[in-house]
Amino acid sequence: MISSWPGRMKSEGFETVSIQLCTGSSVDIRVRYYRRSCDRRNRKRYKGAYAGLILLGIHDRCSPALASMVSSWSALLSSFEEVRQVLCDHGMTLDIKVIRKLTYRYAERARAEQQAGRIPLNDGDTLEGRQVVISTDGGRTRLRKKKRGPKTKKDRTRFRGAWREPKLLIIYVVDARGKQEKSFSPFIDGCFSGPDGVFHLLKGYLNALHIQDSDKILFVADGAHWIWNRIPGLIKALGLDPERVYELPDFYHAAEHLGTVAGLKKTWSSKERKRWVSKQRGFLLKGKSTDVVQAVRMLCRGRNSKAIKTERDYFVRNERRLDFSAVKALNLPIGSGAIESSIRRVVNLRLKGPCTFWYRENAEKMIMLRSFYKAGRWSCLKQMANTHNPVPAA
């Protein structure tokens, strides 16, 4: 194991290490400590590793069970202070800084395994002959960025809190009736790396799942350009058969755009707008997307405002994807409610709140932890976090 560690490691002899257990007690272990030669010369004391402990799945001087418990509660509860209080109720006293460190290091190890393509799968995770639904979208949270200049009167570093969009993905399976299969826990994940970052994540998960073996594949999302512009490249990179792949904008977003178009007709009454929207919705469900696009063009003819152009371009751009009747006939979902719900549960209920600001790297770690927890895949994340593969030590 030491031979595969980054850099040349040298033994520093045996040391006594106290390991914290999930029962609240601790145990002392004599174990050999390794450190790189350059770190020895620079007197960097804590840059090495206890190889024997890592082989046992012990990181950061706590048992795997304790690390998993602290990380899962950090993902589940609304703050690290709540985690500290729950631990106290269970007879364990851990400082908030320790809880934060355990949680973030746990996510780091899991992410390193995921990026290396070593994603553990459950017994029922085969996609062979199944109908797969893939969706992605963005949320909103505030990131903390340090400001240059003098500190505050309380000696705190000033910072900016800008809104940023974390992008999430979801992969799930539906049965012959179009209902989500309970035997297949969905994959949920996300990042702040923009469209290319989330599509890179998506490609990694689909490769691990052998998406090529599936029967039908549906991409369903809202009308964002960054999504639909990248799907053809993803299909080609995965080597998918285009005949088995369907692309569909979310029906309820499309209906919302119809309402916006009708609202731009200032001479219409409320009843006339509702009648027109209801008629076009019926055309969409019947597969008459050409009629809908033509009706939108007629309504927007001779008018050049930015709002009208935006709505018209939405339908013109997505005309070939608006075949809701064909997708519905295959008992596949016509809405992207799954990803909308994921954004609410993963991002809004944990990372978004009054006076809540995150460092980007910490927010990404929390997104991964909470995504796996809410998807019911915590056991998979535990396998990745308890890896024996070399990762940089703190």
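## The chain as a whole

The structure is a predicted model, and its secondary structure comes to 16 helices and nine strands. Taken along the principal axes, the C-alpha atoms of the chain fill a box of roughly 80 × 60 × 40 Å. The chain has 394 residues, of which buried residues make up 46%.

## Aromatic pairs

A pair of aromatic rings is described by the distance of the centres and the angle of the planes. The count for this chain comes to twelve aromatic pairs. One of them is formed by Tyr 33 and Tyr 50, whose ring centres are 4.9 Å apart and whose planes stand at 50°, so the pair is tilted. This pair links distant parts of the chain, 17 residues apart, with Tyr 33 in strand E2 (residues 26-36) and Tyr 50 in the loop between helix H1 (37-41) and helix H2 (51-55). Tyr 33 counts as buried because its relative accessibility is 3%, and Tyr 50 is likewise buried, with a relative accessible area of 12%.

Another aromatic pair, that of Tyr 314 and Phe 315, is edge-to-face, with 5.1 Å from centre to centre and 90° between the planes. Tyr 314 is buried, with a relative accessible area of 3%, while Phe 315 counts as buried at 0% relative accessibility. Elsewhere, one aromatic cluster is formed by Tyr 106, Tyr 373 and Trp 378.

## Salt bridges across the chain

The count of salt bridges comes to 17. In one of these, the side chains of Arg 230 and Asp 196 meet with a distance of 2.9 Å from N to O. The two residues are 34 residues apart and link distant parts of the chain, for Arg 230 is in the loop between helix H7 (225-228) and helix H8 (231-238), and Asp 196 is in helix H6 (residues 194-208). Arg 230 counts as partly exposed at 28% relative accessibility, whereas Asp 196, at 54%, counts as exposed.

A further salt bridge brings together the side chains of Arg 320 and Glu 247, at 3.6 Å from N to O. Here too the pair links distant parts of the chain, 73 residues apart: Arg 320 is in the loop between helix H12 (306-317) and helix H13 (324-329), and Glu 247 is in strand E9 (residues 245-249). The two partners fall into separate accessibility classes, since Arg 320 is exposed, with a relative accessible area of 60%, and Glu 247 counts as buried at 16% relative accessibility.

## A bridge within a helix, and a network

Arg 360 forms a salt bridge with Glu 364, and the closest N and O atoms of this pair are 3.8 Å apart. Both residues belong to helix H15 (residues 360-374), and because they are four residues apart there, about one helical turn separates them. Arg 360 has a relative accessibility of 39% and therefore counts as partly exposed.

Salt bridges also link several residues into a network, made up of Asp 60, Arg 105, Glu 108, Arg 109 and Lys 365.

Lys 145, Lys 147, Arg 158, Arg 160 and Arg 164 form a positive surface patch. Among these residues, Lys 147 is found in the loop between strand E4 (141-146) and strand E5 (159-164). With a relative accessibility of 34%, Lys 147 counts as partly exposed.

## Two loop residues

Thr 93 is found in the loop between helix H4 (80-89) and helix H5 (96-115), and at 69% relative accessibility it counts as exposed. Thr 93 and Tyr 373 are 280 residues apart along the chain, and their C-alpha atoms are separated by 24 Å. Tyr 373 is also one of the residues in the aromatic cluster described above.

Ser 336 is found in the loop between H13 and helix H14 (337-348). Ser 336 counts as buried, because its relative accessibility is 3%. Along the chain, Ser 336 and Gly 52 are 284 residues apart, and a distance of 47 Å separates their C-alpha atoms.

Methods
Residues are numbered from 1 along each chain as its sequence is written. This is a predicted model: local features need pLDDT of at least 70, side-chain atom pairs count only at pLDDT 80 or more; totals for chains, interfaces and linings use all residues. Side-chain values use heavy atoms; hydrogens and water are left out. Patches are made of residues with over 30% relative accessible area and no salt bridge: like charges are joined within 9 Å, nonpolar side chains (Val, Leu, Ile, Met, Phe, Trp, Tyr) within 5 Å. Accessible areas come from the Shrake-Rupley method with a 1.4 Å probe; for residues, only the protein chains shown count as cover. A salt bridge is a side-chain nitrogen of Lys or Arg within 4 Å of a carboxyl oxygen of Asp or Glu. Lys and Arg count as positive and Asp and Glu as negative; His and the chain ends are not counted. The place of a charge is taken as NZ of Lys, CZ of Arg, CG of Asp or CD of Glu. Buried means under 20% relative accessible area, exposed over 50%, partly exposed in between (1.4 Å probe, protein chains only). Rings of Phe, Tyr and Trp (its six-membered ring) pair if their centres lie within 6.5 Å; planes under 30 degrees apart count as stacked, over 60 as edge-to-face and the rest as tilted.
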